[in-house]
Amino acid sequence: MSTMAAPALSIDDREARVTEIDDRLGEIDTDYDGQVMPDTVREEWNGLNGERDAHITALRELRARKERLAAIADANPKATERVGDGNGGTPVVIRRRGNEIYDLARIRSQSSSDEEYRAQLHDNAKRAIERASYGTVRDVVTREDAQTTVLRLLDAVDDERGTLARRILATGSPEYERWFWAQLTGRSDVPRPQAALTLSGTGVAVPFELDPTVIITSDGATNPLRQMARVETIVGKSWRGVTSAGITVGRLGEALPSTDNAPALAQPEVIP
């Protein structure tokens, strides 16, 4: 018999839940001020207190881990650089130098919230773009143009989970490139980088490279569909849109109840 693991909660998630529990406990106490609570309400009261204690215990451990990692980083200043001083609400971001900018596990361990995790993913991905190699076809697109395009995709197209940033970091390290070429040549003596394990699927992802050019090897063809369609840039495996047949106008007699005539929505999915 298999069981599903409970979803991981960040420090911010747990703190927000504790606040919700505290508010609900206060409401219950106000509703039954000077009274004995019914059995159903007492069960809710006990359940909320138990959940709150569990979150507080978990928060102590999570904060202790963050403090431990910060202490380790402070003890090894050559491997890190700190951005911000922590005063006046300014966050302290620990950025790794060298190839450690590709370490997704380290980025996750140093992030206290999902928002900070995504921000550090983007910060490291942008520094990886600065280091990235460039393709051999240079007649049309310059290195600066390619870098600008990828930076735009990070800022405007990447999703809230940082899928594009994670892929750049997972496939952009020198270790991943060595492992990739070893796979193509049938060698098994090069270990797979840990970051590459975060990529979905069982195949081998192509290393990230700053070369947006596509060389057409056929005679080409003119297709009017390109004039009627538009281009969508995505970071996942499919594009989901929203369609509707529109709103039908309705007329009713005086004083009769009316509906909102809301349109029916559908979500087509296109797999590129």
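## The nonpolar core

Let's start in the middle of things: the largest nonpolar core of this predicted model holds 19 residues. Within that core, L121, L154, I168 and L169 have the most contacts. As background, nonpolar side chains in soluble globular proteins tend to be buried together.

Which residues does L154 touch, leaving aside those up to four places away in sequence? The list is R118, H122, A125, K126, I129, L164, A165 and I168.

## A look at helix 4

Helix 4 covers residues 114–131, which makes 18 residues. From its first C-alpha to its last, helix 4 reaches 26 Å, close to the 26 Å expected at 1.5 Å a residue.

Which residues of helix 4 are buried? They are Y117, Q120, L121, H122, N124, A125, R127, A128 and I129. One of them, L121, is also among the core residues with the most contacts. Another, Y117, has a charged neighbour: the charged end of R108 sits over the ring of Y117, 3.7 Å from the ring's centre.

## Aromatic pairs

How many aromatic pairs does a search of the whole structure find? There are two. In one of them, Y176 and W179 are tilted, with 5.4 Å from centre to centre and 50° between the planes. These two residues both lie in helix 7 (residues 174–184), three residues apart, or about one turn of the helix. Y176 and W179 are both buried.

The other pair is made by F180 and W181, whose ring centres are 5.4 Å apart. Why is this pair called edge-to-face? The planes of F180 and W181 stand at 80°, and an angle over 60 degrees counts as edge-to-face. F180 has 8% relative accessibility, so F180 counts as buried, the cut-off being under 20%.

## The whole protein

Now let's step back. The secondary structure comes to eight helices and six strands. Read from the N terminus on, the order of elements is α-α-β-β-α-α-α-α-α-α-β-β-β-β.

Of the 272 residues in the protein, 26% are buried. The accessible surface comes to about 19400 Å², and carbon and sulfur atoms account for 52% of that surface. Finally, take the contacts between residues at least 6 apart in sequence: 60% of them join residues at least 24 apart.

Conventions:
Residues are numbered from 1 along each chain as its sequence is written. This is a predicted model: local features need pLDDT of at least 70, side-chain atom pairs count only at pLDDT 80 or more; totals for chains, interfaces and linings use all residues. Side-chain values use heavy atoms; hydrogens and water are left out. Helices (H or I, at least four residues) and strands (E, at least two) are DSSP runs, numbered from the N terminus. The expected span of a helix is 1.5 Å times one less than its number of residues. Buried means under 20% relative accessible area, exposed over 50%, partly exposed in between (1.4 Å probe, protein chains only). A nonpolar core is a set of buried Ala, Val, Leu, Ile, Met, Phe, Trp, Tyr and Cys residues joined through side-chain atoms within 4.5 Å. Contact means heavy atoms within 4.5 Å. Accessible areas come from the Shrake-Rupley method with a 1.4 Å probe; for residues, only the protein chains shown count as cover. Rings of Phe, Tyr and Trp (its six-membered ring) pair if their centres lie within 6.5 Å; planes under 30 degrees apart count as stacked, over 60 as edge-to-face and the rest as tilted. A charge sits over a ring if NZ of Lys or CZ of Arg is within 6 Å of the ring centre and within 35 degrees of the ring normal.
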